[in-house]
Structure formats: C-alpha cells, structure tokens
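Here is a short briefing to read alongside the model. It goes chain by chain and then looks at where the two meet.

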Amino acid sequence: MMNRAEFMRQLEALLQGISPTEREEALQYYNDYFNDAGAENEQDVIAALGTPARVAENIKRDLSGSGYGDNPEERKPTGRHDMVEYQGTRAREIKEEKKMSTGMIVLIVILAVLASPILLGIGSGVVGILTGIVAAWFGLIIGFGVASILLFVILVVLIAAAVMTIMAGDIIVGMGLIGGGLLCGGIGILFLMLTVAMAGIATPAIFRGIASLCRGLFGGKQTA
Amino acid sequence: MVFNTGAALLDAIVLAVVSKEPEGTYGYKITQEVRQVIELSESTLYPVLRRLQKDDCLEVYDRECAGRNRRYYKVTSRGWAQLHLYEAEWRSYADKIAGLFEGRMSFEGKDEEQ
C-alpha cells in the first residue's frame, strides 16, 4: 500500500520532463489536495487519484495541448484550446459592440434633446412656409376658377334679363344689359384661361422642376 | 451517467462551481463539488484548473489556513464573460434537445447555425 509521501515522490519523478514552474504548480496542488482531504482520508485519495503515472499523464497531456480528461473518447485533439480563445474573443467583441451601440444611442438622444428647440423651430418654419406657398397657389387657382364660373353665370343671367327687357320694349336698356353681360363673359374667359394655365401648365411644370432639383441633389451626393 | 461530459462543458461546470464563491475556493473543494454534478476522476480536475488559469479565466492566490498556505482559485472578469457565454450556449442547446424530445421542434426551413 502506497502512502502519501511515496505517491508525491513518484509523481515528482514522473514530472521531470516538464518545466519547473509547471512541476511546482502541480505538486503544490496535490499537496494541498492531500492536506484538505485530511490524513484520515489519505488512502481514499490515493485510490481515487489512481497511480502517480496516471496523474502525471493527465498533467503532461494537457501541457502538450492535445486536450485532457480521463475518458479516451474526450481526448481527441479537437483544437479546443483555440475554441476557448475564439469564444473568449467573441465574448469580448459582444461586450464591445454592446458598449458602442449604447454609447451611440445615448449620444444621439442627448444631441436630439439639445437640438430639439432649434430643429423644431426650423422644421416647423420650413413646413409652414411651404404649406403657405402651396395653399396660396391652389387658393389662387380655385379663386380664379370660381370667379370665371360666376362671371359666366352673370353673363347668362344678364343675357336672359336683356332678352326679357327687349321683349318688354326697352331696347336701349336691353342692349346695355347685353353689353354688360358680354363684358363679364370676356373677363370670365380671361380668368378661365388663367385658371387653366396655372392648374394645367404651370403647376405640373413647377412639380417637374422640384423633382428634377431633388434628382440633381441626390445625384450630386451619389457621385461625390 | 450515459452522456459524456465534453471539454467545454467541463470548463463551464468548473467555472460555475468556482463562481459560487466570491472569495474564491480551493482545489479539493472544487473537486468534491464538481463530482456532485458529474462523474469525474479526481485526477482530471487539476489540468482543467491549470488551463483555465492560463486562459485568464481563473486567478490564483495563496491564503494561510491552519498554519499552511492553501491555493485559492477565483473567477476573473474574463472567466465571467466565458461563463455567461457557456450559460447562454447551454440554455440554447438544452432547449433544442428538450424541444426535440417533447415534440415541439419544427424542422421547417431554418438553416442550422454553425
């Protein structure tokens, strides 16, 4: 029956092939192990550890970098050391990514909060001006259109009134009414032409202009 | 146990056991606690501890105990990161196996990640 001292002596002898640092580390570990198990468990520990040769083999195998473990199936040289390195790196990368993105988000939020009065002011101003211009433009078109329709209505009413007046015998007043009606009709045609010109020709032309301006801006950015 | 404990899982178990002690713990105690979870030959643990130490996942220090120095192992910040990685991997692994056993696994469409 081997005792602790004999076990350690054999182990030390078997570990002569490895570096002194590694040997010291291993011997200290197994010395601690015997101490912590207690003198009364000395034989149990020796039985559990197996032979010094087996313990030494486990230590040396790991140092040679081809895995470890008592089970031969687990001892395949799968480059598991590299795996740990890779996973460690991956863990660090994940952490850094998290840090970066949180930092960026915080920065963006702070900037947005600080700039919000200015951005809001400028933004609402621009939106207001644009809305005003568009509304005025369409207001003019609608106004001209409605005016021309009213003028045509007046033309019809005045002609009708003139016909009735002439039939009643008052030719001079009737002629006056027809003149006024035709005048209104003429102005109505003018407004109608203006409406058609603004709605049908100028508006599409303006939109086309804005569109080509946008294209020009984006195109410039892309080539830059 | 009918299932083999692979090297990565052994690393994970050892890191988990050591991480339970904020002040660190020592080889004999680690061995006993690991052996309560998995079957393990007592001579297997030293190489694992030594390599985790070299990988910067564990740090060692000596503390006086009953008139002698005892070597303590403690999880480093890198060890914690590694342990969290193992925990996440294990959860996903265990969940997939359980899903397969319980029949809620669907095999449609998804490419397995490497």
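**Briefing on the predicted model**

From the N terminus on, chain A reads α-α-α-α-α-α. Please keep in mind that this is a predicted model.

**Chain A**
- Chain A has 6 helices and 0 strands.
- Of its 224 residues, 12% count as buried.
- Among the contacts in chain A with a separation of 6 or more, 55% come from residues 24 or more positions apart.

**The sheet of chain B**
- In chain B, 3 strands make an open sheet in the order S1-S3-S2, with antiparallel pairing.
- Strand S1 (25–26) and strand S2 (58–65) of chain B are at the edges with a single partner strand each, so one side of each has no neighbour in the sheet.
- S2(B) pairs with strand S3 (residues 68–75) of chain B in the antiparallel sense, over 8 bridges.
- Within this pairing, Asp62(B) is found opposite Arg71(B) in S3(B).

**Where chain A meets the sheet**
- Helix H2 (residues 20–37) of chain A packs on the sheet and touches S1 and S3 of chain B.
- The direction of H2(A) makes about 105° with that of S3(B).

**Helix packing in chain B**
- Helix H1 (residues 7–19) and helix H3 (residues 45–54) of chain B pack at about 80°, their axes 11 Å apart.
- An angle from 65 to 115 degrees counts as roughly perpendicular, and H1(B) and H3(B) are therefore roughly perpendicular to each other.
- H1(B) contributes Leu10(B), Asp11(B), Val14(B) and Leu15(B) to the contact, while H3(B) contributes Val48(B), Leu49(B) and Leu52(B).
- By type, the residues of this contact divide into 6 nonpolar, no polar and 1 charged.

Technical notes:
Residues are numbered from 1 along each chain as its sequence is written. Chains are lettered from A and ligands numbered from 1 in the order in which they are written. This is a predicted model: local features need pLDDT of at least 70, side-chain atom pairs count only at pLDDT 80 or more; totals for chains, interfaces and linings use all residues. Two strands pair if DSSP finds at least two bridges between them. Helices (H or I, at least four residues) and strands (E, at least two) are DSSP runs, numbered from the N terminus. Two residues are in contact if their C-beta atoms, placed from the backbone, lie within 7 Å. Axes are lines fitted to C-alpha atoms, for helices over the stretch in contact, and angles run from 0 to 180 degrees between N-to-C directions. A residue is buried if 20 or more other C-beta atoms lie within 10 Å of its own, exposed if 12 or fewer, and partly exposed in between; C-beta atoms are placed from the backbone. Angles under 35 degrees count as roughly parallel, over 145 as roughly antiparallel, 65 to 115 as roughly perpendicular and the rest as oblique. Ala, Val, Leu, Ile, Met, Phe, Trp, Tyr, Cys and Pro count as nonpolar, Asp, Glu, Lys and Arg as charged, and the others, Gly among them, as polar.
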